[in-house]
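Biologist: Can you put the model up? I have a few things to ask about it.

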Amino acid sequence: MNYQQLKELHDLPFFTLLEKAREVHLKHWDNNEVQLCTLLSIKTGGCSEDCSYCAQSARYKNDVNAERLMEKCEIMTRAKAAKENGSTRFCMGAAWRGVRKGTERFEKVKDIISEVSTLGMEVCVTLGELGKEEASELKEAGVTAYNHNIDTSPEHYPNIVTTHTFQDRLNTIRHAQDAGMSICCGGILGLGETTEDRLKMLEVVSEFNPQPESVPINSLMPMPGTPLSGSEPVDVFDVARIIAISRIAIPKAKIRLSAGRKNFTEEGQALCFFAGANSIFYGEKLLTGNNPSTNQDIKLMEKLGLHAQVPNPDMVAESCDTEKPASPCIN
Ligand code: SAM
Ligand code: DTB
Ligand code: SF4
């Protein structure tokens, strides 16, 4: 969907937008289903990049310390626990600029992925930048979806990150798609962006070919020591509006109500589910930040009559629509 179409949706009265989003949602998804995803930081802190929202950048002083890659047996214990708790997707995040083929750490990560993929959950990883070969090797190891967010509009991106470019992000997404992985790609609200930036971000995400399989909508969790530590909280109506527009523009994607959920009331979260969110991170910890407890989430789902989505570990990535241009690609 292009910017103008997204702007028209954005300018609708809130309830008209919600009605449209609900109609699209019901066409593609079970009314009352939410995917539960467990997130695990397998390599925390000490990152070379300067993303101004991120507690894990080595440039910002806070109590997030650089840790080593977690041992495979510890990761497997967490993954099995996630499965027992009802999660159908296991997402592993690493605070790296990217990965390089042939390095010891890449071999270790692939070995971890292979083992996690035997558990019957969707396997999502977010390891930073990927080249063509790294992407193929990850696919081979058993990755279902690669998470790489564009975070904001192309125009606002350089105000938020200077150590890599928006185009670098697009290249990684292209490589992951070419390797046959599904893409999980979304962004963050609350980075000082304008409405125009939010819609330009959605324009890029919705015009990927194929469209992403999942779209995380994060709300900034202001992290101590980062340049954005003093940012204003994001209004939950803005979150619901962006979710509703995403639902209409990317109908078949799971829209994940991601970081920042802990700061929303139950009513605010219910509004986001009604607007089209059908996936959450489930478990008390995100990467370094906090998330609602599983007990709170179970209670909320009971109150709303929501049930957990069944697993789909054999999910196959959607292929490129050859009638449309391929996702923005390599310079
Ligand atoms: N290093 C990899 C990368 O940059 O893609 C993977 C990890 S990174 C932490 C994954 C995503 O988490 C970011 O792209 C951003 O969307 C989200 N994120 C990180 N810190 C956040 C924060 N403080 N508030 C909200 N979202 C955040
Ligand atoms: C995504 O879009 N959100 C998750 C996941 N992908 C990796 C990360 C949220 C991180 C929130 C801040 C923190 O825990 O440090
Ligand atoms: Fe590093 Fe990713 Fe955090 Fe940026 S968002 S500092 S690349 S861990």
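**Going through the model**

Modeller: Lys7 counts as partly exposed, at 27% relative accessibility. Bear in mind that this is a predicted model.

Biologist: Which helix is Lys7 in?

Modeller: Lys7 is part of helix α1, residues 3-10.

Biologist: And what separates the C-alpha atoms of Lys7 and Cys73?

Modeller: A distance of 48 Å, with the two residues 66 apart along the chain.

Biologist: Switching to ligands. Where does ligand 3 sit?

Modeller: Ligand 3 sits in the largest cavity.

Biologist: What is ligand 3 surrounded by?

Modeller: The surrounding residues are Cys47, Glu49, Cys51, Tyr53, Cys54, Ser57, Ala95 and Trp96.

Biologist: How many residues of that shell are nonpolar, polar and charged?

Modeller: Six are nonpolar, one is polar and one is charged.

Biologist: OK, strands now. Why is β3 largely enclosed by the rest of the structure?

Modeller: Strand β3 covers residues 122-126, and four of its five residues are buried, so the rest of the structure largely encloses it. Buried here means under 20% relative accessible area.

Biologist: How many bridges join β2 to β3?

Modeller: Five bridges, and the two strands run parallel; β2 is residues 89-94. Within that pairing, Met92 stands opposite Val125 in β3. Between the two strands the chain passes through helix α4, residues 104-116, and this β-α-β crossover is right-handed.

Biologist: In which sense do β3 and β4 pair?

Modeller: Parallel, over two bridges, with β4 at residues 145-147. Cys124 has Ala145 in β4 as its bridge partner. The chain gets from β3 to β4 through helix α5, residues 132-141, and this β-α-β crossover is right-handed.

Biologist: Where is Asp151 found?

Modeller: In the loop between β4 and α6, the latter being 157-160.

Biologist: Is Asp151 buried or exposed?

Modeller: Asp151 has a relative accessible area of 3%. The cut-off for buried is under 20%, so Asp151 is buried.

Biologist: Last one. Is the peptide bond from Asn209 to Pro210 cis or trans?

Modeller: That bond is cis, with omega near 0°. Most peptide bonds are trans.

Biologist: Which loop holds Pro210?

Modeller: Pro210 is in the loop between α8 (195-206) and β7 (214-219).

How values were computed: Residues are numbered from 1 along each chain as its sequence is written. Chains are lettered from A and ligands numbered from 1 in the order in which they are written. This is a predicted model: local features need pLDDT of at least 70, side-chain atom pairs count only at pLDDT 80 or more; totals for chains, interfaces and linings use all residues. Side-chain values use heavy atoms; hydrogens and water are left out. A residue is near a molecule or strand if one of its heavy atoms lies within 4 Å of it. On a 1 Å grid over the protein atoms alone, a cavity is a set of points where a 1.4 Å probe fits but cannot get out, and a pocket is an open set with protein on both sides within 12 Å along at least five of seven lines; lining residues have an atom within 4 Å of a point. A molecule sits in a cavity or pocket if more than half of its atoms lie within 2 Å of its grid points. Ala, Val, Leu, Ile, Met, Phe, Trp, Tyr, Cys and Pro count as nonpolar, Asp, Glu, Lys and Arg as charged, and the others, Gly among them, as polar. Buried means under 20% relative accessible area, exposed over 50%, partly exposed in between (1.4 Å probe, protein chains only). Two strands pair if DSSP finds at least two bridges between them. A crossover is right-handed if, with the strands pointing away from the viewer, the path from the first strand over the helix to the second runs clockwise.
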